[in-house]
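Okay, thanks for making time, everyone.

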Amino acid sequence: MKKSILENNNIMMNLMYITKHPEIAQIAEEAGVDWIFVDMEFIGKDVRQSGLDTVQNHHTVDDVRSIKAAVKKAKVLVRVNPIHDTMPDYVSSEDEINGVIEAGADIIMLPFFKTVIEVERFVKAVNGRAKCCLLLETPEAVAILEDIIAVPGIDMIHLGLNDMHLALGMKFMFELLANGAVDKWTNFIKKKNIPFGFGGIAALDGGAVPGRMILKEHYRLGSQQVIVSRSFCNTDQVTDINEVREIFQNGISEIRALESECKKQTAEYFEQNRKATQKVIEEFVKKQ
């Protein structure tokens with residue numbers, strides 16, 4: 001019998017869901033979501049994503065506090081703003097980070113950095129009081145990736161495919177998966193034994209590329225985290241709380257079942273999926 005490439009991998013995928021609503025956070029946690037994602041990033045985001053169908057949440061420190069109080073075992077991940085000094089209407093990065101740590105953040109994510117200096121300033125500001133997660137989403141950062149991951153104190157990295165594909169002038173964020181860029185970047189990260197993840201997934205059978213194809217790519221690459229996206233359960237559109245609960249329970253259960261299936265598969269299984277996923281992505285891009 002051929003040996004599974006994941007046979008000795010007992011690590012479960014960390015699933016993230018973005019919300020500031022305590023009741024939704026509790027439902028997500030009960031269904032098996034590992035990290036509740038509070039999104040405070042707003043500086044520069046409106047310019048980068050102008051005219052696109054993206055969500056700009058602009059959550060607050062009070063949201064961090066209310067989510068922390070609502071969950072029992074899920075970790076609270078907070079995306080702060082890019083490194084910045086004090087502004088007329090907003091505090092500095094250091095004060096922002098201090099605020100979210102005091103409010104209960106377990107993991108802090110730094111977005112849109114371009115230099116080693118920014119990463120060092122971020123890690124210094126956190127100072128071991130929470131886990132440090134880098135959101136790798138700029139061409140400037142991947143150009144110096146080896147220098148970035150050499151900075152002491154980085155606990156995990158997430159590849160932000162949305163902003164990255166925009167910066168590179170691509171039509172679709174998963175082009176970075178189809179063209180081998182994600183493989184290249186994650187190979188560097190794996191050499192340093194830093195846990196990583198990338199992008200997000202919709203429901204397993206939904207999205208421009210079916211979520212199950214993307215999730216199998218996560219397992220092929222050794223990813224340990226993924227965002228359960230807005231389209232998985234858009235609580236702005238689905239307002240019945242019982243329906244929300246059902247979507248989460250069924251959807252997360254399906255993801256975990258696929259995870260169990262993947263742990264038994266061989267390299268050939270994942271290579272077939274890689275080729276099929278590449279084809280679906282390339283065909284989708286041609287239509288754009």
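Let's start here: where is the place of lysine 216? Lysine 216 sits in helix H11, residues 211-221. Helices and strands here are DSSP runs, numbered from the N terminus, with at least four residues of H or I for a helix and at least two of E for a strand.

Before I go on, the housekeeping. This is a predicted model, where local features need pLDDT of at least 70 and side-chain atom pairs count only at pLDDT 80 or more, while totals for chains, interfaces and linings use all residues. Residues are numbered from 1 along each chain as its sequence is written, and side-chain values use heavy atoms, with hydrogens and water left out.

Back to lysine 216. Lysine 216 is buried and yet has no salt bridge. By buried I mean under 20% relative accessible area; exposed is over 50%, and partly exposed is in between, with a 1.4 Å probe and protein chains only. A salt bridge is a side-chain nitrogen of Lys or Arg within 4 Å of a carboxyl oxygen of Asp or Glu. The nearest side chain of opposite charge is glutamate 261, and that is 4.6 Å away. For charge, Lys and Arg count as positive, Asp and Glu as negative, and His and the chain ends are not counted.

So what is lysine 216 in contact with, leaving aside its neighbours within four places in sequence? Leu258, Cys262, Tyr269, Phe270 and Asn273, where contact means heavy atoms within 4.5 Å.

Now, the salt bridges that do form. How many does a search of the whole structure find? It finds 13. One of them brings together the side chains of aspartate 85 and arginine 121, at 2.9 Å from N to O. That pair links distant parts of the chain, 36 residues apart: aspartate 85 is in the loop between strand S3 (75-79) and helix H4 (93-102), and arginine 121 is in helix H5 (residues 116-126). Aspartate 85 counts as exposed at 52% relative accessibility, and arginine 121 as partly exposed at 25%.

Compare that with glutamate 271 and arginine 274, whose closest N and O atoms are 2.7 Å apart in their salt bridge. Both lie in helix H13 (residues 267-286), three residues apart, about one turn of the helix. An α-helix has 3.6 residues a turn, so residues three or four places apart point the same way. Glutamate 271 is partly exposed at 30%, and arginine 274 is partly exposed at 23%. There's also a network of salt bridges linking Asp34, Arg256 and Glu259.

On to the inside. A nonpolar core, for today, is a set of buried Ala, Val, Leu, Ile, Met, Phe, Trp, Tyr and Cys residues joined through side-chain atoms within 4.5 Å. Which residues touch the most other members of the largest core? Out of its 84 residues, those are Ile108, Phe122 and Phe248. Helix H12 (residues 241-262) gives the largest share, six residues. A second, separate core has 10 residues, including Trp35, Met109, Cys133 and Leu135.

Isoleucine 108 is worth a zoom. Its contacts beyond four places in sequence include Val78, Ile97, Phe122 and Cys132. The strand around it is S4, residues 107-110, and both of its faces are covered: Ile107 and Met109 are buried on one side, Ile108 and Leu110 on the other. S4 runs parallel to S3, with three bridges joining them; two strands pair if DSSP finds at least two bridges between them. Within S4, methionine 109 is the bridge partner of arginine 79.

Next, turn to helix H3, residues 61-70, where Asp63, Val64, Ile67 and Ala70 are buried. Seen down the axis, the buried residues of H3 fall within an arc of 130°, so they line one face of the helix; the arc is that of the directions from the helix axis to the C-beta atoms. That buried set packs against helix H1 (22-31), strand S2 (35-39), S3 and H4. On the other side of H3, Asp62 and Ala69 are exposed.

Last stop, a backbone detail. Asparagine 127 has a positive phi of about 55° although it is not a glycine. You'll find asparagine 127 in the loop between H5 and strand S5 (131-136), exposed at 57%. Asparagine 193 also has a positive phi, about 60°, in the loop between helix H10 (181-191) and strand S7 (196-201). Asparagine 193 is exposed as well, at 69%.
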